[in-house]
Amino acid sequence: MKRRRVAGWTAALALIAGMAGCGSGDPGSAAGSITLYNGQHPQLTDALVAAFEKQTGISVQTRTNDGIVLADQLLAEGDSSPADVYLTENSPELVTLDQHGLLARLPASTRNQMPRRDEPPSGDWAPVALRLSGLAYNPARIAKSSLPGSILDLAQPAWKGKIALAPTDSDFPPLVGAVIAGYGLPAARQWLAGLKRNAQIFATDEAVVAGVNRGEVATGIINHYYWYRLRLELGSDAIHSALYYFPDHNVGSVQSISGVAVLASTKHRSAADAFARFLVGATAQRILARSDDFEYPARPGVAPNPALSPLSVLAPARLSPAALGNDQPAAKLIQDSGLT
């Protein structure tokens, strides 16, 4: 279940350069067919699309790439985009598109199914799934009692050579954005400078968690589901690592939101709205919860995969989409830090 990465940070910084199409197939030409730009994990999206098509008879043609790349493409295409619906892993891409007026306001019947705290003020997109950042750690290399209480601590000299991260993974900018929101730009800049001195750099979060599990490095910054997927892939006997969540709502374990939006330019509004409404509904949320994707369903009352610890126990940091904003300040800081 590998995810595509952004090759560089130009798209994340400006989200204005045109990108080539990320798939094939004609856009939907009838009310019973829509085109989905998919920045979510493809296996999960395939399962959700199959259930929607079976339930409604509406055909969904999917184009999959990294969410940032697709957001960049939507900005370049503007009102000429063939996309009807956009599904992505992290809220900053949705915030950017919303700021450019490219998203349609969702019907109340869709918006009202999700908690208000996770919705944008505009009502132009809806949450679908939740994920948490944290640390994978190897108990043979470091004791749990020695792990930091704040993500800012990882910039201290004591952590030199003990932390791994993937700064070009598209899940890293939202974490940097959370640090900016929690501590301000100067503190975030200082933190990234410390990570530059201390960290071992990997290409992806999958590589980070695998390296920690092999004992190559003591700890690594990841989103939680990478560890669960590695355990599923290798089996419990081959797992030599564990997950750690920062305590007391520290932004090191921020709750990020995956969301869905309907494009304002869609010519198939009814079918596009139906797909968005389906994704936040009980059927789709139960599919998500039962999947090996290991994300948390956003819909209240739908229990997550039993392998996951309840969010109420983990006490993650919860930032509104407006507080987290778009990825542009975070991407600029990452680039300026020399981590990429």
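By a nonpolar core I mean a set of buried Ala, Val, Leu, Ile, Met, Phe, Trp, Tyr and Cys residues joined through side-chain atoms within 4.5 Å. Please bear in mind throughout that this is a predicted model.

With that term in hand, the largest nonpolar core comprises 70 residues. Tyr 86, Leu 97, Ile 222, Val 260, Phe 275 and Leu 279 are the residues with the most contacts inside this core. Helix H10 supplies the largest share of the core, namely eight residues. As general background, nonpolar side chains in soluble globular proteins tend to be buried together.

Let me stay with H10 for a moment. This helix runs over residues 269-280, which gives 12 residues. From first C-alpha to last, H10 reaches 17 Å, close to the 16 Å expected at 1.5 Å a residue. How many of the 12 residues of H10 are buried? Nine are, and the helix is accordingly mostly covered. The buried set consists of Ala 271, Ala 272, Asp 273, Ala 274, Phe 275, Ala 276, Phe 278, Leu 279 and Val 280.

Leaving aside residues up to four places away in sequence, Leu 97 touches Ala 71, Leu 74, Leu 75, Tyr 86, Leu 102 and Leu 103.

Leu 333 leads us to a helix pair. It is one of the residues of H14 that meet H7; the others are Ile 334 and Ser 337. The axes of H7 (residues 185-198) and H14 (residues 328-337) come within 9 Å and cross at roughly 40°. At that angle, H7 is oblique to H14. The crossing of the two helices, H7 and H14, is right-handed.

Asp 248, in the loop between strand E8 (242-244) and strand E9 (255-262), has a phi near 55°, a positive value in a residue other than glycine. Is Asp 248 buried or exposed? Its relative accessibility is 70%, so Asp 248 counts as exposed. Ala 315, in the loop between helix H12 (311-314) and helix H13 (321-324), also is not a glycine and has a positive phi of about 55°. With a relative accessible area of 22%, Ala 315 is partly exposed.

Notes. Residues numbered from 1 in each chain as written. Predicted model: local features only at pLDDT ≥ 70, side-chain atom pairs only at ≥ 80, totals over all residues. Heavy atoms only, no water. Helix = DSSP H or I, 4+ residues; strand = E, 2+ residues; numbered from the N terminus. Expected span 1.5 Å × (residues − 1). Buried < 20%, exposed > 50% of the residue type's maximum accessible area, 1.4 Å probe, protein only. Contact = heavy atoms within 4.5 Å. Axes fitted to C-alpha atoms, helices over the stretch in contact; angles between N-to-C directions. Parallel < 35°, antiparallel > 145°, perpendicular 65-115°, else oblique. Left-handed = near helix turned anticlockwise from the far one by under 90°.
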